[in-house]
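Please look at the sequence and the structure below side by side, and keep both in view while you read. The paragraphs that follow go from strands to a pocket and then to a few single residues.

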Amino acid sequence: QLQLVESGGASVRAGESLRLSCAANGDTSATSSMGWFRRAPGMEREGVAAFFIRGGSTLYHDSVKGRFTISRDTANNTLYLQMNDLKCEDTAMYYCAADDSRHGGLRLSALADRRHVYWGQGTQVTVCS
C-alpha cells in the first residue's frame, strides 16, 4: 500500500512559478513510474508529467514541455513538479499518482491515468483568478 500526499498548490499570477510536492509513504519497491495529473473544471483528467523510477527518465504533456520539470528525491521519497511561466490554462486540481507492477497496466503510457493505482487527494493551482 502506498499513500500519496500533495502540497504546494496556490493562487498565482500568469508568468509566476510554483513547486508542487508529493510525499510517498509506504512501499515503493513495485513502483515503476510516478506522475502528476490535473483536472480543470469541466475537463477530463490529463497526464502532465511522469517520472520513471529506474533510470530517471521523464515524459511530459506537450502543453507543459519547456515550462514544467518533474523530479524525485529518492532519500525523502518525494516527487516534485516545478512549474514555471504558469498560464491561465494551467488552472486545475493537480494530483500525484503511482503505478504498481503487481497490478498490471504498465503497457499503458505513464501519462494514462488508468496505468496508476495510487492517488493523492490533490492540490489546487489557480492562475489568473
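Strand 4 (residues 33-39) pairs with strand 5 in the antiparallel sense, over six bridges, where strands are DSSP runs of E with at least two residues, numbered from the N terminus, and two strands pair if DSSP finds at least two bridges between them. This is a predicted model, in which local features need pLDDT of at least 70 and side-chain atom pairs count only at pLDDT 80 or more, while totals for chains, interfaces and linings use all residues. Residues are numbered from 1 along each chain as its sequence is written, and side-chain values use heavy atoms, with hydrogens and water left out.

Within this pair of strands, Met34 stands opposite Phe51 of strand 5. Strand 4 and strand 5 make a hairpin with six residues between them, and in its turn Gly42 has a positive phi of about 75°. On its other pairing, strand 5 joins strand 6 (residues 58-60) in the antiparallel sense over three bridges, and here Ala49 has Tyr60 of strand 6 as its bridge partner. Strand 5 and strand 6 also form a hairpin, with five residues between the strands, in which Gly55 takes a positive phi near 100°.

How many of the seven residues of strand 5 are buried? Five of the seven residues of strand 5 (residues 46-52) are buried, so this strand is largely enclosed by the rest of the structure; buried means under 20% relative accessible area, exposed means over 50%, and partly exposed lies in between, with a 1.4 Å probe and protein chains only. Phe51, which lies in strand 5, counts as buried because its relative accessibility is 11%. The C-alpha atoms of Phe51 and Ser71 are separated by 6.9 Å, although these residues are 20 apart along the chain.

Another part of the model is an open sheet of four strands, which follow one another in the order 1-3-8-7 with antiparallel pairing. Strand 1 (2-7) and strand 7 (68-73) stand at the edges and have a single partner strand each, so one side of each is left without a neighbour in the sheet. Strand 3 (residues 18-26) and strand 8 (residues 78-83) are paired in the antiparallel sense over six bridges, and Ser21 has Tyr80 of strand 8 as its bridge partner.

Ser7 lies in strand 1 and counts as partly exposed because its relative accessibility is 37%. Ser7 and Thr123 are 116 residues apart in sequence, yet their C-alpha atoms are 5.9 Å apart in space. Thr123 belongs to strand 11 (residues 123-127), and it counts as buried because its relative accessibility is 10%. The side chain of Thr123 reaches the backbone nitrogen of Gly9 at 3.0 Å.

Finally, consider the largest pocket, which holds about 170 Å³ of space. A pocket is an open set of points on a 1 Å grid over the protein atoms alone, where a 1.4 Å probe fits, with protein on both sides within 12 Å along at least five of seven lines, and lining residues have an atom within 4 Å of a point. Of the 13 residues that line the largest pocket, those closest to its centre are Arg38, Ala40, Met43, Glu46 and Glu89. By class, the lining of the largest pocket has eight charged, three nonpolar and two polar residues.

How values were computed:
Grid points are joined across faces, edges and corners, and a volume is the space filled by probe spheres set on the points. Ala, Val, Leu, Ile, Met, Phe, Trp, Tyr, Cys and Pro count as nonpolar, Asp, Glu, Lys and Arg as charged, and the others, Gly among them, as polar. A polar contact is a pair of N or O atoms within 3.5 Å; within protein, one must be able to donate a hydrogen and the other to accept it, and residues adjacent in sequence count only if both atoms are side-chain atoms.
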